[in-house]
Amino acid sequence: MKVFFEKEVDSIQSIAIDKLVEHPYHKEVYESSPSSMLEESIKRTGDKPIYPIVVVPNPENDMYWVVSGMGRLATLVQLGQNEVEVKVLPYTCEETVKNLI
């Protein structure tokens with residue numbers, strides 16, 4: 001398995017929220033805002049979303065692009081979380097990342 005930022009990728013990891021940034025293409029495709037329905041769902045499942053937020057490494061810095069789950073992330077931020085579990089995929093090719101979105 002490829003190593004990035006000294007961690008395995010394509011696995012579930014706990015990452016600080018301030019390391020997660022919405023991918024610019026994601027902003028073009030989706031509206032990402034907290035939702036009361038999503039908040040209730042996350043609360044019912046132990047303050048964790050059923051499906052993890054999906055990220056890819058940003059090759060320009062030590063941040064991660066969010067490619068799936070900005071609504072979940074916004075809701076978790078609203079709930080006061082500072083760190084979240086994410087699935088890190090090993091892709092950095094822009095075309096591949098856009099296809100994930």
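Is Asp-47 buried, partly exposed or exposed? In this predicted model, Asp-47 is partly exposed, because its relative accessible area is 38%, a value that lies between the 20% and 50% limits that separate buried from exposed residues. The protein chain as a whole contains four helices and seven strands, which follow one another along the sequence in the pattern β-β-β-β-α-α-β-β-α-β-α. Five of the strands form an open sheet with mixed pairing, and helix α3 packs on that sheet, where it touches β4, β5, β6 and β7.

**Confidence**

- The mean pLDDT of the protein chain is 85, and 89% of the residues reach a score of at least 70.
- Confidence is highest in β7, at 95, and lowest in strand β1 (residues 3-4), where the mean is 45.
- Over residues 1-8 the pLDDT stays under 50, and for this stretch the model has 19 contacts beyond four places in sequence.

**Overall burial and contacts**

- Of the 101 residues in the protein chain, 38% count as buried.
- The protein chain exposes about 6100 Å², of which carbon and sulfur atoms supply 49%.
- When contacts between residues at least 6 apart in sequence are considered, 74% of them join residues at least 24 apart.

**The five-stranded sheet**

- The strand order is β3-β7-β5-β6-β4, with β3 and β4 as the edge strands, each of which pairs on one side only.
- Neighbouring strands of this sheet are turned against each other by 50° on average, direction ignored.
- Strands of a sheet pair through backbone hydrogen bonds, in either the parallel or the antiparallel sense.
- β5 pairs with β7 in the parallel sense over three bridges, whereas its pairing with β6 is antiparallel and has four bridges.

**Burial of strand β5**

- β5 is mostly covered, with five of its five residues buried.
- In a regular strand the side chains alternate between the two faces of the sheet.
- Both faces of β5 are covered, with Ile-53, Val-55 and Pro-57 buried on one side and Val-54 and Val-56 buried on the other.

- Leu-73 touches Ile-17, Leu-20, Ile-53, Val-66 and Val-84, when residues up to four places away in sequence are not counted.
- In α3 the buried residues are Met-70, Arg-72, Leu-73, Ala-74, Thr-75 and Leu-76, and the elements that cover them include β4, α1 (24-29), α2, β5, β6 and β7.
- The direction of α3 makes about 115° with that of β6.

**Loops and backbone geometry**

- Asp-47 lies in the loop between α2 (36-44) and β5, and its phi is near 60°, a positive value in a residue other than glycine.
- Most residues other than glycine have a negative phi.
- Gly-80, which comes just after α3, takes a positive phi of about 90°.
- Asp-18 is found in the loop between β3 (11-16) and β4 (20-22), and it counts as exposed because its relative accessibility is 61%, a value over the 50% limit.
- The C-alpha atoms of Asp-18 and Met-63 are separated by 8.3 Å, although the two residues are 45 residues apart along the chain.

How values were computed: Residues numbered from 1 in each chain as written. Predicted model: local features only at pLDDT ≥ 70, side-chain atom pairs only at ≥ 80, totals over all residues. Heavy atoms only, no water. Contact = heavy atoms within 4.5 Å. pLDDT = per-residue confidence, 0-100. Helix = DSSP H or I, 4+ residues; strand = E, 2+ residues; numbered from the N terminus. Buried < 20%, exposed > 50% of the residue type's maximum accessible area, 1.4 Å probe, protein only. Pairing = 2+ DSSP bridges. Areas by Shrake-Rupley, 256 points an atom, 1.4 Å probe, with all protein chains shown as cover. Axes fitted to C-alpha atoms, helices over the stretch in contact; angles between N-to-C directions.
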